[in-house]
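Student: I am new to this structure. Please show me how to read its features, one by one.

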Amino acid sequence: MDYQAFFKASLDSLREDGNYRVFADLQRKRGNFPKACHTSERGEDDVTIWCSNDYLGMGQHPDVLEAMHHAIDTVGAGAGGTRNISGTTHQHVLLEQEMADLHGKEAALLFTSGYVSNWAALGTLASKIPGCIVFSDALNHASMIEGIRHSRAAKVLWKHNDLEDLEAKLAAADPDAPKLIAFESVYSMDGDIAPIKEICDLADKYGAMTYLDEVHAVGLYGPRGGGIAEREGLMDRLTVIEGTLGKAFGVVGGYIAASTELCDFVRSFASGFIFTTALPPAVAAGARASVQHLKRSNAERDSQKERVAKVRAGLDAMGIPHVENPSHIIPVMVGDAVKCKFLSDTLMQEYGIYIQPINYPTVPKGTERLRITPSPVHTDADIEHLLGALEELWVQCEIARIPMAAQ
């Protein structure tokens, strides 16, 4: 077999379909986010980032940077190994206590990323609990899907956010079998929100555990940034709450929060935890500072809501289609992979606006989109520039609009 030819043909096919991913070489400007420097064959250009998951700009917050500098100055760079051998530092212990407190749980356990926390925790729970059946929302993240697949446990897919379908499948299962319902709070591509209370009601009725992924909600919702479950007063009803430190908290890492016994169980049996080098202490210190700040400050959350509303209103006024949802995520619908990539490229090259195209397989074919995430640090001028650029490109590309009567 000609391996290189196979690789090339596969990549060429992606390019022809408009689904080939190109990484933008960006350097964020400290203290001036969302501004960044984009390096390309044309040289260096200033751009404004409109698709970051650093939803609140905490990756640039002075408290976070100070905590990271202090940790580096006092304990150095790396953790020194896996948590089991030599990598558990005081910064890790303090951060786990902070996350447990945030979610009203007895304990928390850190991982190197949100992906790893889902893969390791779901994979361990589903594989180690004898006869466990996992009921997985059809739109769950790839990390959850991989964790469930890795467990080799029985898996039952239920239609996205469909309570009737979930109950029918719970009722059809062996009443004596252990059950785990896995779902997300805010779904990252459409920005819709799960009916958490009703899912918990079904879990109680059918004797199931609940596993809630709050990665796109922690820091952003609730009086202390505990997520949708905190906002709705439901944290105590969830068996496991999983989150990330790499989005609204602005650093990197993942975690679960649950009972002491469950966290200790995962710590003791999850290969994705046992055999992985621990997060650097400076990262843990920065994350803790971010969590602490957002526990006591609503200014960032309030400002973000206002920015999101302003962008949505501008899109509505122009008839540019976007998915209506109750979250901070604005999916601007294009519906064509080639046009979506063209829009992204042109926004970057001609307008200094960076929005990565979201194409298949991240979303189904025909639902390609630009995923916009306004933040507290986007100015009125940034918003006006974005809306003006989209207006011009919508005309140039002859993309359908929403009639005013339908808005």
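Tutor: Start with the naming. Helices (H or I, at least four residues) and strands (E, at least two) are DSSP runs, numbered from the N terminus. Residues are numbered from 1 along each chain as its sequence is written. This is a predicted model, where local features need pLDDT of at least 70, side-chain atom pairs count only at pLDDT 80 or more, and totals for chains, interfaces and linings use all residues, while side-chain values use heavy atoms, with hydrogens and water left out.

Student: Where does E398 sit in that scheme?

Tutor: E398 is in the segment after helix 15 (380-397). Its phi is near 55°, a positive value in a residue other than glycine.

Student: Is E398 buried or exposed?

Tutor: First, the cut-offs. Buried means under 20% relative accessible area, exposed over 50%, and partly exposed in between (1.4 Å probe, protein chains only). E398 has 69% relative accessibility, so it counts as exposed.

Student: Now the charged residues. What is the general idea?

Tutor: Side chains of opposite charge can pair when their charged atoms come close. A salt bridge is a side-chain nitrogen of Lys or Arg within 4 Å of a carboxyl oxygen of Asp or Glu.

Student: How many salt bridges does that rule give?

Tutor: The count is 26. Take R369 and D190: their closest N and O atoms are 2.6 Å apart. This pair links distant parts of the chain, 179 residues apart. R369 belongs to strand 14 (residues 369-372), and D190 to the loop between strand 7 (179-184) and helix 8 (196-206). R369 is buried, at 3% relative accessible area. D190 is partly exposed, at 27%.

Student: What other pair joins distant parts of the chain?

Tutor: D201 and R237 do, at 36 residues apart. Their salt bridge spans 2.8 Å, N to O. D201 is in helix 8, whereas R237 is in the loop between helix 9 (228-231) and strand 9 (240-244). D201 is partly exposed at 29%, and R237 is partly exposed at 26%.

Student: How should I read a pair within one helix?

Tutor: An α-helix has 3.6 residues a turn, so residues three or four places apart point the same way. In this model, D345 and K341 are four residues apart in helix 14 (residues 337-351), about one helical turn. They form a salt bridge, with the closest N and O atoms 2.8 Å apart.

Student: Which residues form a network of salt bridges?

Tutor: E98, D101, R224, E230, R288 and K295 are linked in one.

Student: Which residues of helix 10 are buried?

Tutor: In helix 10 (residues 260-269), L262, C263 and V266 are buried. The helix's buried residues fall within an arc of 95° seen down its axis, so they line one face. The arc is that of the directions from the helix axis to the C-beta atoms.

Student: What covers those buried residues?

Tutor: The cover includes strand 4 (107-111), helix 5 (114-128), strand 9 and strand 10 (254-258). Contact means heavy atoms within 4.5 Å.

Student: At what angle do helix 5 and helix 10 pack?

Tutor: About 95°, with their axes 10 Å apart. Axes are lines fitted to C-alpha atoms, for helices over the stretch in contact, and angles run from 0 to 180 degrees between N-to-C directions. Under 35 degrees counts as roughly parallel, over 145 as roughly antiparallel, 65 to 115 as roughly perpendicular and the rest as oblique. Helix 5 and helix 10 are therefore roughly perpendicular. A121, T124, L125 and K128 of helix 5 make the contact with L262, F265, V266 and F269 of helix 10.
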